[in-house]
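Please examine the structure shown below before reading on.

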Amino acid sequence: MGTTKRDIETTLMKCADTLRDTIDAANYKDYILPLMFLKYLSDTYNEGLEKLREEYSGERLERQKRYLPFTIASDSNFETLFSQRHSDNIGQLINQAMRQIENDNSQQFGGVLSTVDFNSENALGTREHKNALLRTLLEDLVTLDISPNNILTPEGQIPSDVIGDAYEYLIGQFASMAGKK
């Protein structure tokens, strides 16, 4: 059983519910979509790495990693952030992970992930409130497997199309929710 477009949409709306009453609905996308993209990149990278591990180990594995389409440092991986979700500085850790991914993959992702400050108390409330929100967002996303081989695609589509469709769906939802805090 794989992940459907509807599964992704449901998870994104769950994330929106997490942010409800904290920020304006028009700004949900600024926090949810980068985290969703980080999850997708992490799942995709982990899937590619697992395939390499089936054939290679040691130094040969390290050399083969260079041929993956992009890289995710272990401290920038979604799973690492999830394991640190109770940290007092989780917003800062997310910001650092986003910047690291951009720096390591500047051709593909430069300026894509670090467009919002996950450590902003002005936007997300007190440190305690902000940390609780971010922890919940990570928990909302953790069970969703969006590795390319797990995403169920309609005929003629590829996994990234399904992710793109879900993004468009949620952006449409945000547009309709704008101003309804």
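Helix 1 passes helix 8 in a right-handed crossing, a crossing being right-handed if the near helix is turned clockwise from the far one by less than a right angle, and left-handed if anticlockwise. Helices here are DSSP runs of H or I with at least four residues, numbered from the N terminus. The model is predicted: local features need pLDDT of at least 70 and side-chain atom pairs count only at pLDDT 80 or more, whereas totals for chains, interfaces and linings use all residues. Residues are numbered from 1 along each chain as its sequence is written, and side-chain values use heavy atoms, with hydrogens and water left out.

| Pair | Angle | Axes |
|---|---|---|
| Helix 1 and helix 8 (residues 127–142) | about 165° | 9 Å apart |
| Helix 1 (residues 5–19) and helix 2 (residues 28–55) | roughly 135° | within 10 Å |

Helix 1 and helix 8 are therefore roughly antiparallel (over 145 degrees). In their contact (heavy atoms within 4.5 Å), Thr 11, Lys 14, Cys 15, Thr 18 and Leu 19 of helix 1 meet Leu 133, Thr 136, Leu 137, Asp 140 and Leu 141 of helix 8. This contact has five nonpolar, three polar and two charged residues. Nonpolar means Ala, Val, Leu, Ile, Met, Phe, Trp, Tyr, Cys and Pro; charged means Asp, Glu, Lys and Arg; the others, Gly among them, are polar.

Ile 8, Leu 12, Cys 15, Ala 16 and Leu 19 in helix 1 touch Tyr 28, Tyr 31, Ile 32 and Met 36 in helix 2. The residues of this contact comprise nine nonpolar, no polar and no charged.

Conventions: Axes fitted to C-alpha atoms, helices over the stretch in contact; angles between N-to-C directions. Helix = DSSP H or I, 4+ residues; strand = E, 2+ residues; numbered from the N terminus. Parallel < 35°, antiparallel > 145°, perpendicular 65-115°, else oblique.
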